[in-house]
Amino acid sequence: MQWHLVLGFVAAVTPLTLIPGTSFTLVMQRVIAGSRSDGVRAACGSACGLLVHAIFAAVGLSALVMSSARALTVVKLVGGIYLIWLGVTM
């Protein structure tokens, strides 16, 4: 194992993991506007989304989408329709 590469990776990734991102902001917004249970539900939803993304990446769906323009277009359209549906039902 090349330790200088591992240390370089750790040095690059550590600031990214320590900086609050959009998921943290969403959870805090839900806690402030609602209650602690709203924040827990938002955190669980965010974690589930990350899990689904990781599973798709592990089975190679990300590579398929990146290699096929048609697959990327389908994913974008399905995602857009889903977001519109969410907006209408809210």
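# Helices and cysteines in a predicted model

Student: In this predicted model, how many disulfides does a search of the whole structure find?

Tutor: A disulfide is a covalent bond between the sulfur atoms of two cysteines. To be counted here, the two sulfur atoms must lie within 2.5 Å. For C44, the nearest cysteine sulfur is that of C48, and C44 is in no disulfide. Over the whole structure, the number of disulfides found is 0.

Student: How far from the sulfur of C48 is the nearest cysteine sulfur?

Tutor: C48 is in no disulfide, and its nearest cysteine sulfur belongs to C44. A disulfide would need the sulfur atoms to be within 2.5 Å. The distance between the sulfur of C48 and that of C44 is 6.5 Å.

Student: Which class of accessibility does C44 fall into?

Tutor: A residue is buried under 20% relative accessible area and exposed over 50%, with partly exposed in between. The relative accessibility of C44 is 44%. C48 has a relative accessible area of 48% and is likewise assigned to the class in between. C44 therefore counts as partly exposed.

Student: What share of the 90 residues in the protein chain is buried?

Tutor: To count as buried, a residue must have under 20% relative accessible area. The protein chain exposes about 7600 Å², and carbon and sulfur atoms supply 76% of that area. Of the 90 residues, the buried share is 8%.

Student: What is the count of buried residues in α1?

Tutor: Helix α1 covers residues 3-18, which is 16 residues. From its first C-alpha to its last it reaches 22 Å, close to the 22 Å expected at 1.5 Å a residue. This helix is hardly covered, and its count of buried residues is 0.

Student: How far apart are the end C-alpha atoms of helix α3?

Tutor: Helix α3 comprises residues 36-58, a run of 23 residues. At 1.5 Å a residue, α3 should span 33 Å. The separation of its end C-alpha atoms agrees with this expectation, at 33 Å.

Student: Against which element do the buried residues of α3 pack?

Tutor: The buried residues in α3 are D38, G39, A42 and S46. G45 also lies in helix α3, but at 45% relative accessibility it counts as partly exposed. The C-alpha atoms of G45 and S23, 22 residues apart along the chain, are separated by 9.6 Å. The element against which the buried residues of α3 pack is α2 (22-33).

Student: Is D38 buried or exposed, and with which side chain does it make a polar contact?

Tutor: D38 is found in helix α3. Its relative accessibility is 16%, so D38 counts as buried. A polar contact of 2.4 Å joins the side chain of D38 to that of R41.

Student: Which residue with a positive phi follows α3?

Tutor: Helix α3 covers residues 36-58. The residue in question has a phi near 95°, and it is G60.

Note on methods. Residues are numbered from 1 along each chain as its sequence is written. This is a predicted model: local features need pLDDT of at least 70, side-chain atom pairs count only at pLDDT 80 or more; totals for chains, interfaces and linings use all residues. Side-chain values use heavy atoms; hydrogens and water are left out. Buried means under 20% relative accessible area, exposed over 50%, partly exposed in between (1.4 Å probe, protein chains only). Helices (H or I, at least four residues) and strands (E, at least two) are DSSP runs, numbered from the N terminus. The expected span of a helix is 1.5 Å times one less than its number of residues. Contact means heavy atoms within 4.5 Å. A polar contact is a pair of N or O atoms within 3.5 Å; within protein, one must be able to donate a hydrogen and the other to accept it, and residues adjacent in sequence count only if both atoms are side-chain atoms. Accessible areas come from the Shrake-Rupley method with a 1.4 Å probe; for residues, only the protein chains shown count as cover.
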